[in-house]
Structure formats: C-alpha cells, structure tokens
Amino acid sequence: TDWVLWKNAIEMELLEHPVSNEEINRKDVQLKLVVTLNKAIEKANKKIPKKIISKHSKPFWTNELTACSKELALVSAVARRRGTPQNSQLLRDKKAEFKALLIKEKNDWIKDKLSNINVSDSNIFWKRYKILFGDSHINYIGNLSSKGILHTKDQDKDQILFEEFFSGKHLQGNNFDETFKEEIIHNYQSIISHD
C-alpha cells in the first residue's frame, strides 16, 4: 500500500466536511466525525490497492528477465511449430540462459537485501524469505559459497543463510574501535576500583 496516497485520500475526504472549533466539543459532531472518518478510510481502501506479499510475488524480477522470458516464449513457439534439431537446440540454450539469469537475479536480490540488514530486520527478512522461496520445488536460489566450498544442497544453503543472519557473525568482526574499547575498559576498571 502506498501510505502517502492512502493518507492523502483520507485527508481530501475529511476536508470536504469541515468542523469549527466551537462545534468540536459537541457529542453529535464528534459522532459525525467518526462516521465521516470511517467512510473516508473505506473509500481510501477501495481506491488505493494493498500490496500483499505472497509466494507468487517476484520482488527480484527485472526488465531484463521480462525480455528474456519473452524471447524464451518466442523460441518455444517456433520449436513447437517446427521441431527441427536446430530449433530444439535453440530452445535448450534459451532455457539455460533464462534459468541462469533468473538465478543471478535472485542471488543479486538476496545480496542487496542482506547488505545492510541488522538483527531486528533479519527476523522479518527470514519470514519473507520463507514465504517467497519456501516449500516449492520450483523456487531455486542458486548455489552458495561458504569458506571456499560451493554448496548445492538446499539443506546446506538453508544452514548458510541461517548462520549468516542469526549467528551474530557481525559481532565477531574485528571492526571494533580500539580507542573506544580502551576507554570502556578504563571506565570499567575505575568503577571496580571505587567499589
């Protein structure tokens, strides 16, 4: 849902029913305002479509995938009409190209989503990830590499993704400010010595 459009639609509807400051404290005017607000919300809900995340939505889809999909459909139609070895080979090549591009776009989408994720967002991402890519044998993430080893099994990929988001690897990094660390240790030592 585009919340700005939704809010503006409600505000425009409410502007058509102005109320003066003197009338605002009257019970009948307040009830009328509640009814007007409810009607405005109903109208806004009808005008502004809701965005529903389902396993059928494809947030990773790009214009390049659309073009490749259309090319695949054309090659497929030609191969159905004329089943020559050349057309069959062209169809196999186009399918492989489309699958490789699809895997690349899915992996790029996941990498982009994970680039700035924090602990609180990881839980939300993991739920959406399972909705989009879970339980369906046709959903394919692609091979993942961990510690120089290429993983192709879904269980291994799930483990890698889970460890990446929930193991706290970001806390193990050696990117802590040493000056800040020394200051904290000094403050801690001074607190201990005063007790």
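In which helix does K94 lie? The close-up views below come from a predicted model, in which local features need pLDDT of at least 70 and side-chain atom pairs count only at pLDDT 80 or more, while totals for chains, interfaces and linings use all residues. Residues are numbered from 1 along each chain as its sequence is written, and side-chain values use heavy atoms, with hydrogens and water left out.

**View 1. K94 in helix 4.** K94 lies in helix 4 (residues 85–114), where helices are DSSP runs of H or I with at least four residues, numbered from the N terminus. With a relative accessible area of 12%, K94 is buried, a word that means under 20% relative accessible area with a 1.4 Å probe, protein chains only. Leaving aside neighbours within four places in sequence, K94 is in contact with E71, L72 and V75, contact meaning heavy atoms within 4.5 Å.

**View 2. The buried residues of helix 3.** In helix 3, the residues L65, C68, L72, V75, S76, A77 and A79 are buried, and the buried residues of this helix pack against helix 4.

**View 3. Helix 1 against helix 2.** Helix 1 (residues 3–15) and helix 2 (residues 27–47) pack at an angle of about 140 degrees, and their axes are 9 Å apart; axes are lines fitted to C-alpha atoms, for helices over the stretch in contact, and angles run from 0 to 180 degrees between N-to-C directions. The contact is made by W6, A9, I10, E13 and L14 of helix 1 together with T36, L37, A40, I41, K43, A44 and N45 of helix 2.

Conventions:
Helices (H or I, at least four residues) and strands (E, at least two) are DSSP runs, numbered from the N terminus. Buried means under 20% relative accessible area, exposed over 50%, partly exposed in between (1.4 Å probe, protein chains only).
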